[in-house]
Amino acid sequence: MIVEKYGGTSVADVDRIKAIAKHVADIKKRGHDIVVVASAMGKTTNALIQLAKEVGYANNDREMDSLLSTGEQQTVTLLAMAIEALGVPAISLTGYQAGFITSNHHAHARIKDIDLTNLKQQLDQGKVVVVAGFQGATENGEITTLGRGGSDTTAVALAAKLGWNCYIYTDVDGVYTTDPRIYPQAKRLEEITYNEMMQMASLGSGVLETRCVEIASKYNIQLYLGRALETDLSKGTFIMETKHFEDMPITGISVKEDYAIMRVLNIENDGIYLGNLFQLIAELNINIDTISQQISKDNKINFTFYCNEKQSDLILQNYKEEEFGYKIERILGFVKLSVVGVGISTHSGIASKTLNTLTKNGIKYYQITSSEISISLTIEKKDKEKAVQVLAQAFDL
């Protein structure tokens with residue numbers, strides 16, 4: 001009993017859809033139950049966004065959700081047809097038909113619950129169920145999308161609700177210690193803990209989104225990431241509760257490039273302004289990154305927080321200086337570099353090695369934050385590749 005998810009590159013054309021259909025049909029013929037979640041084909045989502053721009057799209061997230069959801073529906077319908085053509089009964093379901101009930105935040109909705117009644121009925125009839133990823137509907141039937149990594153979240157949420165394992169197939173063969181495009185010598189990890197994967201994902205590793213790993217961890221769902229149609233599972237990465245040997249203090253390096261620094265200076269230290277600011281951020285359904293506060297000698301506050309550029313745009317669009325009383329400043333041109341590993345809390349010298357390595361290579365660092373399993377630094381965007389390479393070499397990643 002397994003949930004398999006296929007990314008857009010894995011279903012980019014008819015030949016690939018047929019290959020996946022054969023793989024799924026073979027699994028079903030061996031007597032296994034299977035649910036398949038699929039993303040939109042190839043660059044379909046980008047094409048739909050371009051069409052919206054051509055007809056005069058003007059920030060209407062409701063209509064964009066309705067439009068973008070059709071990409072996944074196209075894929076799952078074709079995939080179900082291809083499976084049935086091989087003599088295996090199959091049915092495609094939209095997110096709504098699969099029971100996904102979400103919040104009403106268009107473009108970045110949260111899953112409130114999944115009603116499995118329809119899906120289980122289809123499984124009981126011996127069908128392969130092919131579910132459209134990335135989407136759901138509110139309790140009032142409004143179509144919503146789940147935001148970045150939404151199809152992965154769909155798959156893991158279904159696996160959690162069903163109590164099955166979840167295999168995510170894409171165009172990469174697992175999780176690497178860092179981005180191989182920046183550091184070609186990067187090593188593929190056979191396994192990684194939920195916490196490490198969540199840290200790497202939240203800090204910029206693009207292979208999985210934090211939300212799906214968080215769900216897998218919460219419900220103890222074994223998660224696998226590998227290349228589509230690769231049957232040798234040793235060639236991918238398992239994300240689960242696992243233990244590393246003590247000589248592996250660092251698991252990987254992540255870079256968060258979509259990064260905006262938001263700063264407000266000389267605030268009164270009475271809590272009123274920050275309370276109002278966080279209320280606005282909450283209403284916009286934004287989860288901000290690192291928060292920093294410094295108090296000056298005259299008891300004024302300098303306050304800084306971090307988010308992605310799209311979120312910063314949303315904040316600036318809704319932030320009215322005349323109402324809040326202070327000017328909010330946005331700074332671009334930086335990235336967040338993080339070293340991640342469960343051994344950070346038990347091995348001394350990780351921070352000094354990180355900072356000294358950057359200094360010796362002429363790389364300036366600014367804001368520094370840490371947790372039990374990560375150390376993060378803000379560096380200039382121009383130093384990104386060099387920083388990753390020298391740290392990967394220093395920690396033998």
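This is a predicted model: local features need pLDDT of at least 70, side-chain atom pairs count only at pLDDT 80 or more; totals for chains, interfaces and linings use all residues.
How many disulfides does the structure hold? The count is 0. Among the helix pairs, H6 and H7 are roughly antiparallel, as are H2 and H3, whereas H11 and H12 are oblique to each other.

**Cysteines**

- A disulfide is a covalent bond between the sulfur atoms of two cysteines.
- For Cys-166, the closest cysteine sulfur belongs to Cys-212, at a distance of 7.7 Å, which is too far for a bond. The cut-off for a disulfide is a pair of cysteine sulfur atoms within 2.5 Å.
- Cys-166 is buried, with a relative accessibility of 0%.
- Cys-307 is buried as well, at 3% relative accessibility.

**Helix pair H6 and H7**

- Two packed helices are described by the angle between their axes and the distance between the axes.
- Helix H6 spans residues 194-202 and helix H7 spans residues 210-218; their axes come within 9 Å and cross at roughly 165°.
- Angles over 145 degrees count as roughly antiparallel, so H6 and H7 are roughly antiparallel to each other.
- The crossing of H6 and H7 is left-handed.
- On the H6 side, the contact is formed by Tyr-194, Met-197, Met-198, Ala-201 and Ser-202, and on the H7 side by Thr-210, Val-213, Glu-214, Ala-216 and Ser-217.
- By class, the residues in the contact of H6 with H7 comprise 6 nonpolar, 3 polar and 1 charged.

**Helix pair H2 and H3**

- The axes of helix H2 (residues 44-54) and helix H3 (residues 61-84) cross at roughly 150° and come within 9 Å.
- With angles over 145 degrees counted as roughly antiparallel, H2 and H3 are therefore roughly antiparallel to each other.
- H2 and H3 pass each other in a right-handed crossing.
- H2 contributes Thr-44, Thr-45, Leu-48, Ile-49 and Ala-52 to the contact, while H3 contributes Met-64, Leu-67, Leu-68, Thr-70, Gly-71 and Gln-74.
- The contact of H2 with H3 contains 6 nonpolar residues, 5 polar residues and no charged residues.

**Helix pair H11 and H12**

- H11 packs against helix H12 (residues 384-394) at an angle of about 130°, and their axes are 10 Å apart.
- H11 and H12 are therefore oblique to each other.
- The crossing in which H11 passes H12 is right-handed.
- The residues in contact are Lys-353, Thr-354, Thr-357 and Leu-358 from H11, together with Ala-387, Val-390, Leu-391 and Ala-394 from H12.
- The contact of H11 with H12 divides into 5 nonpolar, 2 polar and 1 charged residues.

**Positive phi at two asparagines**

- Asn-266 is not a glycine, yet has a positive phi of about 60°. Asn-266 belongs to strand S14, residues 260-268.
- With 46% relative accessibility, Asn-266 is partly exposed.
- Asn-299 likewise has a positive phi, near 65°, in a residue other than glycine. Asn-299 occupies the loop between strand S15 (291-295) and S16.
- Asn-299 is partly exposed, at 42% relative accessibility.

- Thr-304 forms part of strand S16, which covers residues 300-307.
- A relative accessibility of 9% places Thr-304 among buried residues, because buried means under 20% relative accessible area.
- When neighbours within four places in sequence are left aside, the contacts of Thr-304 are Ile-261, Met-262, Arg-263, Thr-290, Ile-291 and Ser-292.

- Ser-345 is located in the loop that runs between strand S18 (334-340) and helix H11 (350-360).
- Ser-345 has a relative accessible area of 49% and is partly exposed; exposed requires over 50%.
- Ser-345 and Thr-178 are 167 residues apart along the chain, and their C-alpha atoms are separated by 20 Å.
- Gly-87 is located in the loop between H3 and strand S3 (90-93).
- Gly-87 is exposed, its relative accessible area being 61%.
- Between the C-alpha atoms of Gly-87 and Lys-300 the separation is 72 Å, and these residues are 213 residues apart along the chain.

How values were computed: Residues are numbered from 1 along each chain as its sequence is written. Side-chain values use heavy atoms; hydrogens and water are left out. Buried means under 20% relative accessible area, exposed over 50%, partly exposed in between (1.4 Å probe, protein chains only). Axes are lines fitted to C-alpha atoms, for helices over the stretch in contact, and angles run from 0 to 180 degrees between N-to-C directions. Helices (H or I, at least four residues) and strands (E, at least two) are DSSP runs, numbered from the N terminus. Angles under 35 degrees count as roughly parallel, over 145 as roughly antiparallel, 65 to 115 as roughly perpendicular and the rest as oblique. A crossing is left-handed if the near helix is turned anticlockwise from the far one by less than a right angle, and right-handed if clockwise. Contact means heavy atoms within 4.5 Å. Ala, Val, Leu, Ile, Met, Phe, Trp, Tyr, Cys and Pro count as nonpolar, Asp, Glu, Lys and Arg as charged, and the others, Gly among them, as polar.
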